[in-house]
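Thank you all for coming. Please have a look at the model on the screen, and then I will walk you through a few of its parts.

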Amino acid sequence: MQLPAGEKEAILAVVEQILNDQDDVQENLIPVLQQVQAKLGYLPGPAMAKIAETAGVPAVEVYGLASFYNQFRLNPPGEHQVKVCMGTACYMAGGRIAMESFERRLAIKEGETTANRKFSLERVACVGCCTMAPVVVVNDAVEGRVTPTRVDGLILQFADQKNSPAQAADAAKREQEGERKY
Amino acid sequence: MNASIFENFGRLKEQAAARVDSIRQKPVVWVGTATCGVAAGALKVKEAFEKEIAARNLDIPVIEVGCMGHCYAEPLAVIAKPGFAPLCYGRVDEGLVHRLTEDFLAGDEPCYEYALVALEANDVFPTFSDFPRGAYEEKIILGRSGLINPEDIDEYIAADGYAALAAALAGEPAAVLKEIKAANLRGRGGAGFPAGLKWEATLNAAGAAGGAGEKYVICNADEGDPGAFMDRGILESDPHQVIEGMILCGYAVGASRGYLYIRAEYPTAVRRVEHALRQARNQGLLGEHILGSGFSFDLAVFQGSGAFVCGEATALVESMEGRMGIPQTRPPRLAVAGRRGCPTVLNNVKTFAYVPHILRKGAAWFKETGTAGSPGTAVFSLVGKVTNTGLVEVPMGTTLRQLVFDVGEGIPGEKQFKAVQIGGPSGGCLPEAALDVPIDFDSLQEAGVIMGSGGLVVLDEDDCMVAVARYFLEFTQQESCGKCTFCRLGTRHMLDLLTGITRGEGQPEDLALLKELAEDVREGSLCNLGKTAPNPVLTTLRYFIDEYETHISEGRCPALMCPDLIAYYIEPRKCSKLCNVCVGGCPTEAIYTRDNGLKAIYQDKCVKCDNCLRVCPPEYKAVVKLSPPAKLAEKEGPGK
């Protein structure tokens, strides 16, 4: 993936800072990857290469971890992250329908991000709100009993709305409290 | 030494009791803010309470608590006001918050009409034990959930918390092990291996060369089953109970380090556990010389990165050491060579949660509940097509029928019960006829399913069993780590067969092939992911073979669920010219108005999203599903 000018340096600065706090990078590879993703939103190629170099392992091993675990993403997330729950209860109650509705409207497939980076679409296994099935999580807000009509509403709601100041402040506060998002 | 342990603990307990007492002297509002509550809007409820209380200049704290297990009524709030039994209100919204603040907090009118239940026996309002669910439930490890502040260690200590630890530290470690063995506490992660034997093996293991005699205790909170959230509920609602259990285990086996392996998908659980660990350390209950004894033990959280296979013990340890979570051949068992090659105890969240209770009340007390082979209780997350969804704790030996129809109060909407799916992707589906199976490790195994860690999904007549089997196989196929060929390729092939059947492309010989493959995958896999992956297919083949056959021979889905085998149709005699709801509701503009004003569907544009059927007003109910789709021709006649 082509990175904009200057972004690689910014990425490496973040990674280096995280690596400096670790005494055993090799054993703590997963926590390191988690922290990098918490800061950057995804795991860029240069970041993985740098981590591998510091840990003294082949780069493919770090890539292997990043692709093995569901938590890690290799592409930058969209501005609005849509997660469709595919836990048992949601699936039976129409999670598939919600997923198809998003795919149709955003013209992307599960796991992809729209070309304008506005929306990314993922499936998650059970967010633990089975009683409100089918459930969709947009950014951090849980939406219960989602129908195709609601999908249209959600997309409209977020399509041309910038992150409101209140939302941004909220996100900063959560970060301070140490809650990790991915 | 012993005297000082009790002295130290006595001081802690006195302080805690005094503080908690002073909180209880005044009115207080609790809001259940476990993840499920938050999803239903609990944070908004909390904010609303704070606003309303501040507007009236009242001095009433609003405290976040965990989950009481009554998910169907979320968000839940409890008002404890001296002079009244604490009252729990369900489905709270801003309007009700206003009313409660005005009438109950500022005034003296408890608004009984909105109350769900009282939390203490009283003469005015029923308590949990007055409901059918309360008659079956027997709460041990969920006992405090939702009733104490999970971020306040004093509330745990005041509720008998850490008393078992103080008593154990004053005695010999062997006494702890003896009690756990006597209680026959079986691992609640699903397999039911006796915890005492695991601990004993770890205690007796020599340890790794160069490991400096270190041993580890790990709590498995990598709850990956879709549809299960018991462990999350416990960690978010009562984390100290698990921590105390782990410290006791560490004392029994001679470990000094431990980890809680928690899914990163559970940020609230991670935050609350980390907070609890800090508090325990500050109070001298964790870390160097616990309670002034000679025993030192510390715990840390490790966040799992989302791989279902990491629930398997060896895979979990692999992932903690920075590798892919791929199961390893056993022996050696973890008890001999686990983390960093050292002897390691690995137990589920619930298993550790029972430990303080057993030590405080004794093995004999524990064995009074449950069955002879499986003493104690079982915790389930009861979801799906059941009226009272939520977290429930019932004695082992309760039947599935009691669980679904008495505790869960049956199927909503006058639908017919079809099956329960128990044990997640490793479990299976049981039909009505098998509902009298008592819930314990051994009886469930005989019925072809497993206890699992406690996910229980109720299915009704609208759920297609082939689709259910396909769903679980898709899950295990994606989560297979790829080590064993049968698990990697066999599940793939089974999934292709099932997908074909749900599309109406199944062949009669597919069923025999499915069965054969299922046996092979079971035989040819190293870990339990592969060994149990065929269970959903095998149990549905065993109990619901007719549904498979209908799909194959008639191209019909009896539950009207498989999208390729159904068509949506609007009955002209029921449709109304005056109504346009379905036209507006269709996301693909597949519904048009006929010349006579009635609606009809362009089948080639229809994506089968079910929206028209949902929005069609109940007085018409004009939209129906037909299966097989060929039935359309009969209805519409040729040419349409």
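Predicted model: local features only at pLDDT ≥ 70, side-chain atom pairs only at ≥ 80, totals over all residues.

In what order do the 5 strands of the open sheet in chain B stand? The order is 11-10-14-12-13, with mixed pairing, where strands are DSSP runs of E with at least two residues, helices are runs of H or I with at least four, both numbered from the N terminus, and two strands pair if DSSP finds at least two bridges between them. Strand 11 (390–395) and strand 13 (428–431) of chain B are at the edges with a single partner strand each, so one side of each has no neighbour in the sheet.

Residues are numbered from 1 along each chain as its sequence is written, and chains are lettered from A and ligands numbered from 1 in the order in which they are written.

Within the sheet, strand 12 (residues 417–422) and strand 14 (residues 455–460) of chain B run antiparallel and are joined by 5 bridges, and B:Val420 stands opposite B:Val458 of strand 14.

Strand 14 of chain B also supplies at least two residues of the side that touches chain A. That contact, counted where C-beta atoms placed from the backbone lie within 7 Å, takes 38 residues from chain B and 40 residues from chain A. Helix 2 of chain B gives the most to chain B's side, with 3 residues.

Conventions:
Contact = placed C-beta atoms within 7 Å.
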